[in-house]
Amino acid sequence: MNTQLESHNSLLFALREILEEKHLLTDKEDLKPYECDGLSAYQCLPLAVVLPETIEEVQKIVRVCESLRIPIVARGAGTGLSGGALPDEGGIILGLSRFNNILDIDDENMTMRVQPGVRNLAISEAAAPYGLYYAPDPSSQIACSIGGNVAENAGGVHCLKYGLTVHNVLEVKIVTVEGEMITLGSNTLDTPGYDLLALITGSEGMLGIIVEVLVKLLPRPPLTKVLMAAFDNIEDAGHAVGAIISAGVIPAGLEMMDRLAIQAAEAFAHAGYPLDAEAILLCELDGNKEQLNEQVSIVADTLRGANATTVVMASSKEEQAKLWAGRKAAFPAVGRISPDYYCMDGTIPRKNIASVLKRINELSEKYDLRVANVFHAGDGNLHPLILFDANRRGELKKAERFGADILELCVKMGGTITGEHGVGREKIDQMCVQFNLDELTQFHSVKHAFDPYELLNPGKAVPALHRCAELGAMHVHNGELPHPEIPRF
Amino acid sequence: MPSAIPSRDSSLELQQQVQSSLDLHSPLRIEGGNTKAFYGRPAVQTSNVLDLQKHTGVLDYDPSELAITIRAGTRLKDLEVLLASHQQMLAFEPPSFGINSTIGGVVAAGISGPRRAFSGSIRDAILGVEMINGEGKIVHFGGQVMKNVAGYDMSRLMVRSMGTLGAILSVSLRLLPKPEKEITYVLERTQKEAFIGSQKWRRDHIPMSATTWYRGKLYVRLSGTEITLNAVESHFLNVEKAEVLADDVAFWLAIKNHQHIFFQRISKPLWRLSLPANTPVIARFEGDLLVEWGGAQRWISNNAPANIIRSVAKRFGGYATLFHGQKQLPEVPPFPILAPELFALHKSLKRKLDPQNIFNPGRLYLGL
């Protein structure tokens, strides 16, 4: 205990040498806002929060922590949904909110160099005068920061055509756990050596601290159109998704909502969705005039051929915004019809959408819990929202089991436990379902190549092998996940 | 999905060979079609060859998924025929330097072709990988879905690793619909005018899918539907004063596979410069030069000392690879020297993933 106290005192002493007092938070009330990220069910107070402003400060802080073996959890805007920025009780939060400058806009190369604390939407806003934008648009884009986007490999509604963060970032500067600054990637279309840029993207703060990002910008599409199609049954809607792709069209966005989600969203946002439909698809197309007209007619025909009962096209910006408003409000809308909901994030091959939705509905009956399905259909990225009431005895536990069943179903159907929210702390146990011990061992080898003492974001993203072994045993015995007392939403 | 591609699963046999190589500390030379032996550092001299050619076949292909999973020994040529029969293609248009080029080799070398600057590289297209790792285990990462953030991205790490991190058994790749039509325009342009044109057309959403500039001529390939290509036809013919290239398919095949006259008659080393697209004309390399990717990839055949070529590329924010010419310059490392801290990270990763150093040692860098 004494040695621990000594090391904490040495830490604070050393940090005071690096940072001004107001940028080193140690009082409980100052630490409180950092106790969780967007997944507030998991909470923990760190030893301290440091808010550096320069890369040199980050390097010094990391060197101090490394020498004292103090864990470091990097944090951007704290909007993540998987507990990735949950503090470690024996460690510090390294907040990058003061790294909020746009460093350079290169109009000719269509790139922007930014600090990691710059908000996702601020990039597109700064690029707008040049007719450019940054494509990945996670739903939290007004608040989330680019450093966090890189750490989570954030997605959004336009991934099908424009890719994820990994496809739209050209270079990242990281500070390693030894305090070295290393540049991964470059301003060119490829870089010699291993693709460590891809490795760091989506690594959830486990391999290095992201301190600078060069993003790729795209020319704004000249025109967009949005179609909405309604279906009498969910299988038809699922098949329509594959039919659009098979017709050779790659929509900018292709979203789906089921009956419960439609009704909740319509009551909330008045988007004009048909209340009698079992499912709707929203399809956004973009391009120049000729491309667009042609694609609109192909998609409309395909939708009708796939048994859509109605197909509506929004041409004006206002009509498009209205159709999107319902989709964008779906989560809060579902929040209004149920005291609690639990948001899942699995991905499955598109061809299995219909059968997975059918199975989710069967599970819904089995668990006697309603589920609203809102998702990025074009990518097969599901966000089933399981509705429950945490105040009713046993419901939370039921919702969690239901959620775990859905994720296991996704893996069984050739998919994954997380499409865009990340593993973080939340899905660490499901990693044992998706990966076997040999695969997890390989992940640990990667981790140790960057961070031999496991100081960067410990306990996240990749489960310890013994955790999976214990979990596997528990699965066999009674099918229950550990920590049923922890609430999730 | 029936196809003419023979299905042969040799994974257990290959795994056994890796395992015995581990037991004997005996380095392995991983080999597919052996069409890129000229590329990179020389392979380790050994008779212990891990022959992937016997591991072939399509594991999963449903065209509506825009994805395919294939065994690494499958020939690129056979794969392309299969995809074309479903009006699909590999968006990164990989070159083939011989008929036996395999998809495993395509991934490990990570060389993308003419379409790369417009529809992404092989690392953008890879979705999943199955490999034999440095513990002799068969492991899977990723899958057939594009949105997948569970665990580290091992699939992309395998691209361009030259087989130094494990033996690829199968890969899943994202596909794109084959364009309904393609047309190539030829324009009389200086190098500088070519850069400006490519940049402008890109901003104007002209559906470009490849550019090549060579000796005062700019070749621009457009891909799309009949309607979209007709819409820009008069602009190219009347405003840009372009001509339509008659044998366009053969032309792009020759560019892609390095059979174009520029690549054929060189007696000097062939260098590949990867540069920011807006890099100006480099006077020093105005001699025998072929420019692709709107300026981002420039090929030069030049006798200038390696350090000069490399420092010029570096000055413009890019780098130079000695692509072909190790015979003339055996002492020159084909890939540029990495920053010391970055190289230390490479070594650390190699040591962790291939602790016995058996996978293609030295093929990418000395010491990896």
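Predicted model: local features only at pLDDT ≥ 70, side-chain atom pairs only at ≥ 80, totals over all residues.
A salt bridge here is a side-chain nitrogen of Lys or Arg within 4 Å of a carboxyl oxygen of Asp or Glu.

**Domains of chain B**

**Domain 1 against domain 2 in chain B**
- Contact involves 10 residues of domain 1 and 11 residues of domain 2.
- About 800 Å² is buried between these two domains, with carbon and sulfur atoms giving 52% of it.
- On the domain 1 side, B:Pro114, B:Arg115 and B:Phe118 lose the most area, together 66% of what that side buries.
- This interface has 2 salt bridges, and 4 residue pairs are in polar contact (both at pLDDT 80 or more).
- The touching side of domain 1 has 6 nonpolar, 1 polar and 3 charged residues.

**Chain B against chain A**
- Here 69 residues of chain B meet 84 residues of chain A.
- The two chains bury about 6,500 Å² between them, 60% of it on carbon and sulfur atoms.
- B:Lys147, B:Val149 and B:Tyr152 supply 15% of the area that chain B buries against chain A, more than any other three residues.
- There are 6 salt bridges between the chains; B:Arg272 forms a salt bridge with A:Asp190, with the closest N and O atoms at 2.5 Å.
- Helix α12 (residues 340-353) of chain B brings 9 residues, the largest share of the side that touches chain A.

How values were computed: Residues numbered from 1 in each chain as written. Chains lettered and ligands numbered in written order. Heavy atoms only, no water. Contact = heavy atoms within 4.5 Å. Buried area = accessible area lost by both parts, 1.4 Å probe. Helix = DSSP H or I, 4+ residues; strand = E, 2+ residues; numbered from the N terminus. Polar contact = N/O pair within 3.5 Å; in protein donor to acceptor, adjacent residues only side chain to side chain. Nonpolar A, V, L, I, M, F, W, Y, C, P; charged D, E, K, R; others polar.
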